Amino acid sequence: MSFDSPTDSDPQDGAPRPSKTQRKQEMHALQALGEKIIALSESRRAKLPLSDDLLFAIEETSRIRSHEGRRRHMQYVGKLMRREDLSAIQAVFGEFEQESQRRDHAFHRLERWRDRLIEEGDPAVEAFVADYPDIDRQALRQLIRNAQRERQQDKPPTNARRLFKLLRDTAEL
């Protein structure tokens, strides 16, 4: 009887084999990556370099209703993940993250513009129009006046939301 220990070596190449705990941790990490892939939309999933077997297993996941069945299926997905190019998959996830950060940054910039337009009025309008000359100036000024009035009367920010939507549509986000 042989017990695996971290000091055991693989008879084929003499390199030390990973411990059982380490193998389980790696398998759980692969299952977690599989869960992230399953949670992606079809369009994003199509950007990943995945094998046909893994794609089929991912599609099959949505048909499994049993908790235990899903758990076993996720183990299978983790097993299939061992054959995938993990660095390429992680690179695509990195691109997704960068895209998300750029979008968040753009939204925060537009939120700052909205707040500045409501607080400063016409001087801020001229600065915004310089950056975005295609905006409907009349609608912009009307929404700003209405949003200012809402703030003064402590009403819900309906027009501030409409202003943000106009800014977002103008910036094409």
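Helices (H or I, at least four residues) and strands (E, at least two) are DSSP runs, numbered from the N terminus. With that in hand, select Gln25, which is found in helix 1. The model is predicted: local features need pLDDT of at least 70, side-chain atom pairs count only at pLDDT 80 or more, and totals for chains, interfaces and linings use all residues. Residues are numbered from 1 along each chain as its sequence is written, and side-chain values use heavy atoms, with hydrogens and water left out.

**Stop 1: Gln25 and the whole chain**

Stay on Gln25. Its relative accessible area is 52%, so Gln25 is exposed. The cut-offs are these: buried means under 20% relative accessible area, exposed over 50%, and partly exposed in between (1.4 Å probe, protein chains only).

Zoom out. The protein has eight helices and zero strands. Along the sequence the pattern reads α-α-α-α-α-α-α-α. The radius of gyration is 26 Å, well over the 16 Å that the globule rule gives for 173 residues, so the protein is more spread out than a compact globule. That radius is taken over C-alpha atoms, and the rule is 2.2 Å times the number of residues to the power 0.38. Taken along the principal axes, the C-alpha atoms fill a box of roughly 85 × 35 × 30 Å. Of the 173 residues, 31% count as buried.

Contact means heavy atoms within 4.5 Å. Among contacts between residues at least 6 apart in sequence, 54% join residues at least 24 apart.

**Stop 2: helix 5**

Select residues 86-120. This is helix 5, with 35 residues. From first C-alpha to last, helix 5 reaches 50 Å, close to the 51 Å expected at 1.5 Å a residue. The expected span is 1.5 Å times one less than the number of residues.

Show the side chains. The buried residues of helix 5 include Ile89, Val92, Phe93 and Phe96, and also Trp113, Arg114, Leu117 and Ile118. What do the buried residues of helix 5 pack against? Their partners are helix 1 (20-39), helix 2 (42-45), helix 4 (67-81), helix 6 (122-131), helix 7 (137-152) and helix 8 (158-171).

Step just past the end of helix 5. Gly121 takes a positive phi of about 80° there.

**Stop 3: helix 5 against helix 6**

Helix 5 brings Trp113, Arg116, Leu117 and Glu120 to the contact. Helix 6 brings Asp122, Pro123, Ala124, Val125, Ala127, Phe128 and Asp131.

Pick Ala127, in helix 6. Ala127 is partly exposed, with a relative accessible area of 24%. Not counting residues up to four places away in sequence, Ala127 touches Trp113 and Arg116. Arg103 is 24 residues from Ala127 in sequence and 22 Å away in space, C-alpha to C-alpha.

**Stop 4: the cores**

Which residues have the most contacts inside the largest nonpolar core? Select Leu117, Phe128, Ile135, Leu140, Leu163 and Leu167. This core has 19 residues. A nonpolar core is a set of buried Ala, Val, Leu, Ile, Met, Phe, Trp, Tyr and Cys residues joined through side-chain atoms within 4.5 Å. Helix 5, helix 6, helix 7 and helix 8 each supply at least two residues of this core. The largest share, five residues, comes from helix 8. Apart from it lies another core, of 18 residues, among them Leu33, Leu48, Val77 and Val92.

Center on Leu167. Leaving aside neighbours within four places in sequence, Leu167 is in contact with Leu110, Trp113, Arg114, Leu117, Phe128, Ile135 and Leu140.

Move to Thr170, also in helix 8. Thr170 counts as buried because its relative accessibility is 19%. With neighbours within four places set aside, Thr170 is in contact with Tyr132 and Ile135.

**Stop 5: the loop between helix 7 and helix 8**

Select Asp154 in this loop. Asp154 has a positive phi of about 55° although it is not a glycine. Most residues other than glycine have a negative phi. Asp154 is exposed, at 70% relative accessible area.

End on Pro157, in the loop between helix 7 and helix 8. Pro157 is partly exposed, at 39%.
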